[in-house]
Amino acid sequence: MKKVILKFLVYFLMLFGGNLMINILFTSNFDLLTAFSTAFGVSFGVAIFDYYTHKKGKVA
């Protein structure tokens with residue numbers, strides 16, 4: 001479970017930073033909520049998907 005949390009944090013930090021940079025470059029405003037919600041949703045989904053695929057692979 002600790003690996004899942006670490007993966008989530010790594011994905012979140014990378015996606016949040018990338019979203020902020022792209023948001024500033026292309027839209028000329030600093031929309032923090034959009035960058036946070038997008039990064040949170042995607043990183044949570046990827047971490048949960050990764051957890052269940054590894055869990056299912058170990059059982060079979």
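1. Just after helix 1, Ser 28 takes a positive phi, about 60°. The model discussed here is predicted. Helix 1 covers residues 2-27, and helix 2 covers residues 32-59.

2. The protein has two helices and zero strands. Its radius of gyration is 14 Å, well over the 10 Å that the globule rule gives for 60 residues, so the protein is more spread out than a compact globule. Along the principal axes, the C-alpha atoms fill a box of roughly 50 × 15 × 15 Å.

3. At 1.5 Å a residue, its 26 residues should span 38 Å, and the end C-alpha atoms are 36 Å apart, which agrees.

4. How much of the protein is buried? Of its 60 residues, 18% count as buried. The accessible surface is about 4900 Å², and 76% of that surface belongs to carbon and sulfur atoms.

5. The buried residues of helix 1 include Val 4, Phe 8, Phe 12, Phe 16, Leu 20 and Asn 23. The spacing of such a list can be read against the helix turn. An α-helix has 3.6 residues a turn, so residues three or four places apart point the same way.

6. Which residues make up the largest nonpolar core? This core has five residues in all: Phe 12, Phe 16, Leu 20, Ala 35 and Ala 39. The largest share, three residues, comes from helix 1.

7. Phe 16, a member of that core, touches Leu 32, Ala 35, Phe 36 and Ala 39, leaving aside residues up to four places away in sequence. For the protein as a whole, take the contacts between residues at least 6 apart in sequence: 58% of these join residues at least 24 apart.

8. The structure holds seven aromatic pairs. One of them is Phe 12 with Phe 36: the ring centres are 5.5 Å apart and the planes stand at 80°, so the pair is edge-to-face. The angle settles the label because planes over 60 degrees apart count as edge-to-face. Phe 12 lies in helix 1 and Phe 36 in helix 2, so this pair ties together parts that are 24 residues apart in sequence.

9. Are the two partners buried or partly exposed? Phe 12 has 14% relative accessibility and counts as buried, whereas Phe 36, at 39%, counts as partly exposed. The limit for buried is under 20%.

10. The rings of Phe 40 and Phe 44 have their centres 6.1 Å apart and their planes at 10°, so this pair is stacked. Phe 40 and Phe 44 both lie in helix 2, four residues apart, or about one turn of the helix. Phe 40 is partly exposed at 38% relative accessibility, and Phe 44 is partly exposed at 45%.

11. Phe 8, Phe 12, Phe 16, Phe 36, Phe 40 and Phe 44 form one aromatic cluster. Phe 8 sits in helix 1 and is buried, with a relative accessible area of 17%. Not counting residues up to four places away in sequence, Phe 8 touches Phe 40, Ser 43, Phe 44 and Ala 47. The C-alpha atoms of Phe 8 and Thr 34 are separated by 18 Å, and these two residues are 26 residues apart along the chain.

Terms used
Residues numbered from 1 in each chain as written. Predicted model: local features only at pLDDT ≥ 70, side-chain atom pairs only at ≥ 80, totals over all residues. Heavy atoms only, no water. Expected span 1.5 Å × (residues − 1). Buried < 20%, exposed > 50% of the residue type's maximum accessible area, 1.4 Å probe, protein only. Rg over C-alpha atoms; globule rule 2.2 N^0.38 Å. Contact = heavy atoms within 4.5 Å. Areas by Shrake-Rupley, 256 points an atom, 1.4 Å probe, with all protein chains shown as cover. Core = buried A, V, L, I, M, F, W, Y, C linked by side-chain atoms within 4.5 Å. Phe/Tyr/Trp six-rings, centres within 6.5 Å; stacked < 30°, edge-to-face > 60°.
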